[in-house]
Every structure is written in C-alpha cells, then in structure tokens.
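Have the sequence and the 3D view open, and pick out each residue as it comes up.

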Amino acid sequence: MADVQTQRAFQKQEGIFQNSKKLLAKKTSKGVRYWKEVGLGFKVPKDAVEGNYIDKKCPFTGNVSVRGAILKGIVISTKMTRTIIIRRDYLHYVAKYNRYEKRHRNVPVHISPAFGPVNEGDIVVCGQCRPLSKTVRFNVLKVIPNEIIGNVRKQFVLF
Amino acid sequence: MGISRDSRHKRRLTGGRMPIHKKKRAFEKGRQAAMTKLISGEKRVRRIRVRGGNFKFRALRLSEGNFSWASQGVAKKAKIVEVVYHPSNNELVRTKTLTRGVIVQVDATPFKLWYAKKYNVELGPKKKDKKDAPAEQTKKSNSLQKKLAQRVKENVIDQLVQEQFSNQRLLVRITSRPGQSGRADGYILEGKELEFYIKKVEQKKK
C-alpha cells in the first residue's frame, strides 16, 4: 500500500480522533475517515471516501468549502504536486470594429489526489474556495477526460 | 525590526514586479518570533498589546503544560522534560525551543497517579514483590470495588503508551502556540501517530 506518511510531520485529518478506545482495541483498524459532499450536485469520487491520502485542501476530505464561482477550463499543465494549470478562453468585444478578439487566462487550480492522474487536454470543472496559496483560489470538482490533437496551449476552446 | 507582512514586495503570478507605490503600513507589521525555550523550573511570559487593544502572551521560557490523554478523557498539568523532535527544523530541537507541533517528553507521574486512582492499577515498572494486587492502602467498599473492576474490564490502553510509563516519560505533541497564548499545552501521542514519532526519534538517535 502506498505510504501516506511521506512528510516529517504525521499526516492526519484534522479533527478526526483516531485513538478512541474502540479503535485502539482493534489492532489493525482502518481508522475513521472524514469526507463531505461539496454540494451543487457534484459527486464525491470513490477514492475520497475509500482512499488513504491526506489533503487538507481537498474539497471532499479537507478543510475547504466551495462557494462562489464555478469555472470550466482545459488542463495545460500537471507538473506541480496536487495542483494544475487550466486555461480559460474567452472573447473580448472591440466596439470600434464590431468584432471579437480571442483572449485567455491561465488559472492555477488545486487538484485533490481523489482524482486519478489527470492529463493535459482534459476538461475540468472547478469551484471557488478561499485562498489556498499565493495564487490558488480554485479547487477541482470534476474531471472530464478529453483528447486534444496538437499543442494544448495553442487551442481555443470556448465553454 | 521592519518585519512586514505585505504582499507588495512579492512578484506577480506572471513573474512581473509589483510597483511599490506606498510605504509600509502599521497594520502589516510583524513581530519577532518568540522562540520559547524549555528551561526547567522557569516560566517567563510577557504580555503584548496588539492591534485592537487585545493581548497576546508571549512565552519566553516555559517548563510546564496542560496535557490531555484523549482516549481516557483527562488532562493533567505536567512538567516538560525534554524536546525530542520537531518536524520543521532540527535546530529547534537542539536549542530546546517550544513551538506548536513540537514533540516533547513529559513527566508521567500526574497521569500515573490519576490512573491508579481511577482503575486501581499501577502503571509503570513492575516491582519485585508486587503481583496482581495493587497497593491498597485504603479500604474500599464493595460497590466501589465492583465499579473499579468494571472500569478495568472496559478499559483499553495502547501498548506503546503503557511501555512509556515504565520510563516515567510520555511523548506529547504541543498543540498550543506558546508565542501567542503563553502556554505549552498538548496531547499524549497514541496509536499510529505514536508509532510514527517513535520511529522518527529512533532515526535521529542513530
């Protein structure tokens, strides 16, 4: 089993008491796991309920609430630990020429280990939460697998 | 001093510099860290007036704390003996600094006494002449004896915690913030967490 305790401090879910007499009595118990629904009709991934990972920024098993904006974007980078960059494309209207121009924004989004490996090109639905780091204010709620031909960073996909 | 907690000195997400168009403000100021030291027998706490007229208690030297034995549901005041492990910085262990999250060894006698009173069982090293009969100085009524026997039957105590009693030291994790509240309180480690930290301490010793 992949070991969860890779850090120098003991990783655990805050607020869940794992050492009650009942649990101590059972020598090899799985322990209690805390998970919650995020609302707005989003399903809780099976791995969040049954898994072992500890992520305090996970919307299902951690201490963040999803409220505010819900965004959709396309994944362009998965190189960071537990966070991805998504690209959101939009059209900006220029009144003088009565036409639109393409613009985009890259948004760093926290992704919980509950979602399996995410690839570049997948479409992701993310919800706003409190600031999780200097630049991250969103959390992945749903991943829709998708194949992109060519370079993801050069595509324009409007949602 | 000049410790400021603004974000204006940092770069943007794009890497670009942020123009500095105002001076440092008083509401952004930070203070020096407390670096509470473990000095046996001493307690030095300074009261600091902070923003809004409120007070923070900066502990500079501490030797005692209130520690809870969560599975038993008690908390006792005990002496902190030694700093044993810190997940962020080994330097803090060497300088015996108390912060939140540090693992310390605590004197086990208050818990031993409480346990003896509640369950009539002596925890700790087995004495030569002692068998199963606990030190019974006082006469106990039948109903009290029955109550104690029932408690012992229902009780579960972690094996590793019990072993620690023989050394008169318990491993405890500090959960209060001594530089903010002026106290070093925490909980006795049990279960998987205890195994984890015992392993870490053994690794360090090597």
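The report below goes from model confidence to the contact between the chains, then to a few single sites and to the salt bridges.

## Confidence in the model

Please keep in mind that this is a predicted model. Its scores are ipTM 0.83 and pTM 0.86. For chain B, the mean pLDDT is 90, with 94% of the residues at 70 or more.

## Where the two chains meet

Let us begin with the contact between the chains. Chain A brings 17 residues to it and chain B brings 26 residues. Together, chain A and chain B bury about 1700 Å², and 56% of that lies on carbon and sulfur atoms. Three residues stand out on one side: A:Arg8, A:Phe10 and A:Lys21 provide 42% of the area that chain A buries against chain B, more than any other three residues.

What about the polar side of this contact? Eleven residue pairs are in polar contact between chain A and chain B, counting pairs with both residues at pLDDT 80 or more. Among the elements of chain A, helix α1 (residues 21–25) gives the most to the side that touches chain B, with three residues. Sorted by class, that side of chain A has six nonpolar, five polar and six charged residues. One salt bridge is counted between chain A and chain B. In it, the side chain of A:Lys12 meets that of B:Glu193, at 3.6 Å from N to O.

## A buried asparagine and its neighbors

Now find B:Asn155, which sits in the loop between α3 (142–154) and α4 (159–165) of chain B. Is this residue buried or exposed? Its relative accessible area is 14%, so B:Asn155 counts as buried, the cut-off being under 20%. Leaving out residues up to four places away in sequence, B:Asn155 touches B:Gln72, B:Tyr115 and B:Tyr119, and also A:Lys21 from the other chain. A:Lys21 is also one of the three residues named above for the area that chain A buries against chain B.

Just after α2 of chain B comes B:Asn120, with a positive phi of about 60 degrees.

## An exposed arginine

For a contrast, turn to B:Arg51, in the loop between β2 (44–49) and β3 (55–62) of chain B. B:Arg51 has a relative accessible area of 63% and is therefore exposed. Which C-alpha separation goes with B:Arg51 and B:Phe27? Their C-alpha atoms are separated by 7.8 Å, although the two residues are 24 residues apart along the chain.

## Salt bridges within the chains

Side chains of opposite charge can pair when their charged atoms come close. Over all chains, twelve salt bridges are counted. One of them joins A:Arg82 and A:Asp55, at 3.6 Å from N to O. A:Arg82 lies in the loop between β1 (70–80) and β2 (83–94) of chain A, and A:Asp55 in the loop between α2 (46–50) and β1, so this pair ties together parts that are 27 residues apart in sequence. A:Arg82 is partly exposed, at 37% relative accessible area, whereas A:Asp55 is buried, at 5%.

In chain B, B:Arg61 and B:Glu42 form a salt bridge whose closest N and O atoms are 3.0 Å apart. Because B:Arg61 is in strand β3 and B:Glu42 in the loop between β1 (36–38) and β2, the pair ties together parts that are 19 residues apart in sequence. Both residues are partly exposed: B:Arg61 has a relative accessible area of 24%, and B:Glu42 has 29%. B:Glu91 and B:Arg94 also meet in a salt bridge, at 2.7 Å from N to O. These two are three residues apart in helix α1 (residues 90–94) of chain B, which means that about one helical turn separates them. B:Glu91 is partly exposed, at 37%, and B:Arg94 is exposed, at 65% relative accessibility. Finally, look for B:Asp6, B:Arg8 and B:Glu28, which are linked in a network of salt bridges.

Note on methods
Residues are numbered from 1 along each chain as its sequence is written. Chains are lettered from A and ligands numbered from 1 in the order in which they are written. Side-chain values use heavy atoms; hydrogens and water are left out. Helices (H or I, at least four residues) and strands (E, at least two) are DSSP runs, numbered from the N terminus. Buried means under 20% relative accessible area, exposed over 50%, partly exposed in between (1.4 Å probe, protein chains only). Contact means heavy atoms within 4.5 Å. pLDDT is the predictor's confidence in each residue, from 0 to 100. Buried area is the accessible area (1.4 Å probe) that two parts lose on being put together, summed over both. A salt bridge is a side-chain nitrogen of Lys or Arg within 4 Å of a carboxyl oxygen of Asp or Glu. A polar contact is a pair of N or O atoms within 3.5 Å; within protein, one must be able to donate a hydrogen and the other to accept it, and residues adjacent in sequence count only if both atoms are side-chain atoms. Ala, Val, Leu, Ile, Met, Phe, Trp, Tyr, Cys and Pro count as nonpolar, Asp, Glu, Lys and Arg as charged, and the others, Gly among them, as polar.
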